[in-house]
Amino acid sequence: MSYVHLFSPSAIGGVEIRNRVVLPSMTTRLATPSGEVTPELVSYYQERARGGCGLVIVEMASPQRRGRHRGRELGIDSDEYIPGLRSLVAAIHEQGARAGIQLGHGGARALPTELGGRPLAATAGPVPVFETARFVNFPELFDEDSLEQLVVDHVDAARRAEEAGFDVVELHGAHGYLLAQLISADENRVLPDAAARYDFLASLVRRIVDAVGIPLSYRLSGQDYYSAGQTVDDSLAFLPYLEDAGVSAVSVTGGHYKSVDPEIMIPPMPYEDGVFLDAARMVKARTRLPVIAVGRVNTPAVAEDALAQGWADFVAVGRGQIADPHWARKTQQQQQVRECLACNHCVRTMRSGKQLACAVNPTVTTTDRPAAGTAAQRRLVFGAGPAGLTYAVESARAGHEVYVIARDRAWKAAAAPTFNGYRPDRQRMHRYFDGLWKEAVDAGVHIAPEGEREPPPEWRTDIDIVADARGATYVGNLGPLVRILIRVLSRVPLPKRLMKSDRLHHILLYDLRNPRSKEPIRIPGARTIKIGDAAQPGELAAAVHDAYIHAWKEDNDDQ
């Protein structure tokens, strides 16, 4: 497929961008506890720029300390952050990408442990806050002076962004953060009506535009997905205010912490690709501004089609570039892209207080693979699930010769009734697995013909490592019964409560499974290691990470 729209250059507010691929703002927790830039944070963003992304929008940073939403949130509320931000911008520019930063204020949803006091907001509460623990905020309401200070602090933060070298500043006006609260009839107890709310936000935007020489993008909610929330019509009514105030682009997202299903903010497996494209299309039809489409547009064909149809001018590929930081380059060069499963493992690890992680990319926060600790080896792998194939791919990249015994060309988890607490997107899961298989072939891995259970004669001697990646089997004699149960459950819509059941999850993944007891073929002189579920039954992310570690660690003795 040709991606002529996706990789044509364009511009936002006079800033030329090499293609239409945007990395949207996503929290990484790679900053220091005080909000300083770290080498890991620089590496993360630089690799997405190296991977061909056109515009890299750095994660949310609050213009006020009282607006911090998460621990290890990037700082921009003081001039002391400018040198670190400047080094981050330089690393992005070095790879040919443009750099943006999102200014986002948590308002009523700011994290109390980060503030040292009550948050400042437009609604009094109670407001639930979900982080590593659950909190209930009772914010202090804005008055005239604090509203003015809010504007001043946004202007100062934008000035710091410009001084650090950012090409674009984005305001986060969606998902229930402060600017979304200020526009909302449901969550604004300070400004009396829609006209007052729109005028205030337009004034805030105008003062930023007047103060800095870089373009301003506004992240707008197409729809909040709850009865009292923002609608597409509300957003369309607000558009002229943004245009008149001097905004250079709008990013159209959706969802709110109060949505009927809050997970729609980062739409997981059960949602269709391009879930917010209808809203983007409606906005695009009503504005002269460039529109950035967001929400499950990380499949290249979906992204290209959105642009070709004229529904958007740019596409924000978020989780797709977590799964594969070279999404843009590989797509342009017609190479295999590592498929994002939309399983939201990244979201859950980040919200648990940990650094960003990915189920299919074990190196999401670093680009550096360790130097191979041993001379080139011959490695024989039994099992071609995600763990076995990941081990094979990474071993080949480390310079080893690899042969894989694949009993069949199928990933059993794609038939499971649930995946990560969601109804599985089986088509996407199959695409991921097929892509991983292709990665192995492209890396030079030898894969046995389907059905072959033993290696050919030339792979029965002079083997250094035998890797058992055959996965797990069901306990006792329950195998046939469990398989029938899973087949039945996979064909009926399970209640969401059951899908999210930690107990069911634990039973299916842990309680009913054991590593296979029968040893794979023994090769004289070779060490045998167990990887993934063959060592410890569990989730995909753990198996893939374990395979990566074993492929690269210097001492391959089983531990």
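Two strands pair if DSSP finds at least two bridges between them. In this predicted model, strand S8 (residues 127-130) and strand S9 (residues 134-137) pair in the antiparallel sense over 4 bridges. Within that pairing, Val129 has Phe135 of S9 as its bridge partner.

**The S8-S9 hairpin**

- S8 is joined to S9 by a hairpin through 3 residues.
- In a regular strand the side chains alternate between the two faces of the sheet.
- On S8, Val127 and Val129 make up a covered face, while Pro128 and Phe130 make up an uncovered one.
- Val129 has a relative accessibility of 2%, so it counts as buried.
- Which residues is Val129 in contact with, leaving aside its neighbours within four places in sequence? They are Ala108, Arg109, Ala110, Leu111, Arg134, Phe135 and Asn137.
- From Val129 to Ser87 there are 42 residues in sequence and 32 Å in space, C-alpha to C-alpha.

**The parallel sheet**

- Strands of a sheet pair through backbone hydrogen bonds, either parallel or antiparallel.
- An open sheet is formed by 5 strands, in the order S18-S17-S16-S19-S22, with parallel pairing.
- Strand S18 (446-447) and strand S22 (527-530) each have a single partner strand, so one side of each is left without a neighbour in the sheet.
- S18 and strand S17 (residues 401-405) run parallel and are joined by 2 bridges.
- Val404 has Ile447 in S18 as its bridge partner.

**Helix H6**

- Helix H6 (residues 194-211) has 18 residues, which at 1.5 Å a residue should span 26 Å. The end C-alpha atoms of H6 are 26 Å apart, which agrees.
- An α-helix has 3.6 residues a turn, so residues three or four places apart point the same way.
- Buried residues in H6 include Arg197, Phe200, Leu201, Leu204, Val205 and Ile208.
- What do the buried residues of H6 pack against? Their partners are helix H4 (144-164), strand S11 (168-173), helix H5 (178-183), strand S12 (216-221) and H7.

**Helix H13**

- How many of the 12 residues of H13 are buried? The number is 11, and H13 is mostly covered.
- Among the buried residues of H13 are Leu389, Tyr391, Val393 and Glu394.

**Nonpolar cores**

- In soluble globular proteins, nonpolar side chains tend to be buried together.
- The largest nonpolar core has 140 residues, and Tyr218 and Leu341 have the most contacts inside it.
- A second, separate core has 12 residues, including Val15, Leu55, Ala249 and Phe314.
- Not counting residues up to four places away in sequence, Leu341 touches Met269, Val360, Trp411, Phe419, Arg428, Met429, Tyr432 and Leu540.

**Aromatic rings**

- With ring centres within 6.5 Å as the cut-off for a pair, there are 12 aromatic pairs.
- Phe238 and Tyr241 are stacked, because their ring centres are 6.4 Å apart and their planes are at 25°.
- Both Phe238 and Tyr241 lie in helix H7 (residues 232-245), 3 residues apart, about one turn of the helix.
- Phe238 is at 0% relative accessibility and so counts as buried, whereas Tyr241 is partly exposed, with a relative accessible area of 27%.
- Trp411 and Phe433 are also stacked, because their ring centres are 6.4 Å apart and their planes are at 20°.
- This pair links distant parts of the chain, 22 residues apart: Trp411 is in the loop between S17 and helix H14 (426-442), and Phe433 is in helix H14.
- Trp411 is buried, with a relative accessible area of 10%, and Phe433 is buried, with a relative accessible area of 2%.
- Trp411, Phe419, Tyr432, Phe433 and Trp437 are linked by ring pairs into a cluster.

**Charges over rings**

- Over the ring of Trp437 sits the charged end of Arg409, 4.4 Å from the ring's centre.
- Arg378 lies over the face of Trp459, at 4.1 Å from the ring centre.

Definitions and conventions
Residues numbered from 1 in each chain as written. Predicted model: local features only at pLDDT ≥ 70, side-chain atom pairs only at ≥ 80, totals over all residues. Heavy atoms only, no water. Buried < 20%, exposed > 50% of the residue type's maximum accessible area, 1.4 Å probe, protein only. Contact = heavy atoms within 4.5 Å. Core = buried A, V, L, I, M, F, W, Y, C linked by side-chain atoms within 4.5 Å. Phe/Tyr/Trp six-rings, centres within 6.5 Å; stacked < 30°, edge-to-face > 60°. Lys NZ or Arg CZ within 6 Å of the ring centre and 35° of its normal. Expected span 1.5 Å × (residues − 1).
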